[in-house]
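Colleague: Hi! Could you walk me through this one?
Modeller: Happy to, here it comes.

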Amino acid sequence: MRAPAHLRRFHVSAALIDGLRAVPAVWGRCWAALALLSAVGALSTAYVDGGAPGVVLAGLLVLAALMAWGAANRATVLGDGAASAGLGAGGLQFGRIEAAMVVALLLNLLFLVMIAAVLALVALALFGAAGLDPEAVRARDWAAVGPPWKLAVLAAVSAVVLAVPVLLIVRLSLFSQATVGRGQAVSLNTMGIATGSFWRLSILLVLVFAPLLGLSAAAGHGTVFAAGGAVAAAALWLPFAAGALGGAYRRLEYWKPGG
């Protein structure tokens, strides 16, 4: 039975604390998967020649990331039940849960692409029917583009076109944790878990992914920084992100694991 949305809440600060606490806990259970991802990530930043070895290295990086992410989520979402759910020695496994996460990701991406395509077609139709002056648009002479009320309507349409995908992405953001918690691929049903927590999830996602963006920016300062950023992302950020999002999921989930 689904609990009312107003009873399913989480505090952003509590989720962030869960993320910090998860770093040593995830390393204790998933050390091999995290070490493998760190090594492959550092190696991929140093190898820039491309070709067949580059393709193999990229494939290994994706596989290692999926294994580490699956292991970290098993550890943070299931806790003591992670071993019985197929968590391999040191987190090295690729089982039904990892395959289900890939399926859920592909389903979510397909849904988002379909929504984006519909929104783009609607926006193009409205902009085409508005009869704006294209020369004025190119010259950025907004006073000559068209009547102000048309510009206001089109600005509102543009805001909706941008806002809807963001809304959906936030509400689908816990699909990995839901897939691990329920033991099956959970795609669009993730939106039910996030009902009533859009703004909290938005803030949490910004705070969780901000360090990753910082590491990505530092990677542009040379190979050493790139390798260090890859290792930090695998060894520190990934367990933190899994713990923070897992903490939010545990407080929002209205089904018991295995129920």
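Modeller: First, a term we'll need: partly exposed means a relative accessible area between the buried range, under 20%, and the exposed range, over 50%. Also, this is a predicted model.
Colleague: Okay, so is Leu105 buried, partly exposed or exposed?
Modeller: Leu105 has a relative accessible area of 36%, so Leu105 is partly exposed. You'll find Leu105 in helix α3.
Colleague: Which residues make the nonpolar surface patch?
Modeller: Leu105 is one of them, together with Leu60, Leu63, Phe94, Val102, Leu106 and Leu109, and the patch covers about 580 Å². Two elements give two or more residues each: α2 (51–78) and α3 (96–129). The largest share, four residues, is from α3.
Colleague: Nice. Changing topic: how many aromatic pairs are there?
Modeller: Searching the whole structure turns up two. In one, the ring centres of Phe198 and Trp199 are 4.9 Å apart with planes at 75 degrees, so that pair is edge-to-face. Trp199 counts as exposed, at 65% relative accessibility.
Colleague: And what about Phe209 and Trp237?
Modeller: Their pair is tilted, with 5.4 Å centre to centre and 55 degrees between the planes. Phe209 sits in helix α9 (residues 198–218) and Trp237 in helix α10 (residues 223–252), so this pair links distant parts of the chain, 28 residues apart.
Colleague: Is Trp237 buried or exposed?
Modeller: Buried, because the relative accessible area of Trp237 is 12%. Phe209 counts as partly exposed, at 35%.
Colleague: Last one: what lies over the face of Tyr254?
Modeller: That's Arg182, at 5.3 Å from the ring centre.

Notes:
Residues are numbered from 1 along each chain as its sequence is written. This is a predicted model: local features need pLDDT of at least 70, side-chain atom pairs count only at pLDDT 80 or more; totals for chains, interfaces and linings use all residues. Side-chain values use heavy atoms; hydrogens and water are left out. Rings of Phe, Tyr and Trp (its six-membered ring) pair if their centres lie within 6.5 Å; planes under 30 degrees apart count as stacked, over 60 as edge-to-face and the rest as tilted. Buried means under 20% relative accessible area, exposed over 50%, partly exposed in between (1.4 Å probe, protein chains only). A charge sits over a ring if NZ of Lys or CZ of Arg is within 6 Å of the ring centre and within 35 degrees of the ring normal. Patches are made of residues with over 30% relative accessible area and no salt bridge: like charges are joined within 9 Å, nonpolar side chains (Val, Leu, Ile, Met, Phe, Trp, Tyr) within 5 Å. Accessible areas come from the Shrake-Rupley method with a 1.4 Å probe; for residues, only the protein chains shown count as cover. A salt bridge is a side-chain nitrogen of Lys or Arg within 4 Å of a carboxyl oxygen of Asp or Glu.
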